[in-house]
Amino acid sequence: HKRVAILISGGGSNMVSLVDSMTGDHPARPCLVLSNNADAGGLAKAADRGIATAVVDHRPFGGDRAAFEAELCKPLLEAKPDIICLAGFMRVLTGDFVSRFQGRMLNIHPSLLPKYKGLNTHARAIAAGDAEHGCTVHEVTAALDDGPILGQARVKIAPNDTPETLARKVLEWEHKLYPAVLERFARGDKAPVMLP
Ligand code: GAR
């Protein structure tokens, strides 16, 4: 099996959807859930599922991203992952870190990239009057929320949607999209998954 490390910062619902998909004849298995936040709700969900967890807090490093990443690398390299999935991991990674894992690191982002890189994507899509929104899984490159697109799921924006209701609708699709992309990617297939 391909070994998959998953990086989280929060509730970890995408991590759970990935972990729960890696059974049976799936070509990959989880090897580590790593968080920059000791309070991340996802850590307990991973431990419940028998997956090794680790925490590297970014805060003691202040703004020194290279020093933080040197620590982050330790448990990550020990786990010997073939694939790294960022799943609600809310730290920006340096080009140095990214280049170590280039071609085998994936991210999920809550917008139809290349639209709305960065934060507050749901509010920005509503404010722009967009008819649709969604989520994207892409290969991670040095540029933020950039890199080859491996899959997208589209969601219609309703006239009464708020950032919160839209976030919930998009998250449901994230939970379908990310596992579908990971399975295909783990088989060596980079053709994009387009949902629904
Ligand atoms: C998800 O919506 C994910 O797309 C987003 O954070 C949420 C994490 O939820 N990621 C980003 O905004 C990355 N910049 P989860 O912890 O329940 O998976």
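**Figure 1. Lysine 190 and its salt bridge to glutamate 139.** Lysine 190 is partly exposed in this predicted model, with a relative accessible area of 44%. Glutamate 139 is buried, at 9% relative accessibility. (Buried means under 20% relative accessible area, exposed over 50%, and partly exposed in between, with a 1.4 Å probe and protein chains only.) The closest N and O atoms of lysine 190 and glutamate 139 are 3.3 Å apart. This pair links distant parts of the chain, 51 residues apart. Lysine 190 sits in the loop between helix 6 (163-186) and strand 8 (193-195), and glutamate 139 in strand 6 (residues 132-139). (Helices, H or I of at least four residues, and strands, E of at least two, are DSSP runs numbered from the N terminus.) A salt bridge here is a side-chain nitrogen of Lys or Arg within 4 Å of a carboxyl oxygen of Asp or Glu. Residues are numbered from 1 along each chain as its sequence is written. The model is predicted, so local features need pLDDT of at least 70 and side-chain atom pairs pLDDT 80 or more, while totals for chains, interfaces and linings use all residues; side-chain values use heavy atoms, without hydrogens and water.

**Figure 2. Two further salt bridges, aspartate 57 with arginine 59 and lysine 169 with aspartate 161.** Side chains of opposite charge can pair when their charged atoms come close. The N to O distance is 2.8 Å for aspartate 57 and arginine 59. Aspartate 57 is partly exposed at 25%, and arginine 59 is exposed at 57%. For lysine 169 and aspartate 161, the N to O distance is 2.9 Å. Lysine 169 is partly exposed at 32%, whereas aspartate 161 is buried at 9%. The whole structure holds nine salt bridges.

**Figure 3. Serine 13 and asparagine 14 in helix 1.** The UniProt annotation "binding site", from an unreviewed entry, covers Gly12, Ser13 and Asn14. (Such annotations may be inferred rather than shown by experiment; UniProt positions are in the numbering used here, and feature names are shortened.) Serine 13 is partly exposed at 27%. Asparagine 14 is buried at 7%. Leaving aside neighbours within four places in sequence, serine 13 is in contact with Leu171 and His175. (Contact means heavy atoms within 4.5 Å.) With residues up to four places away not counted, asparagine 14 touches Ala87, Ile108, Leu171, Glu174, His175 and Tyr178.
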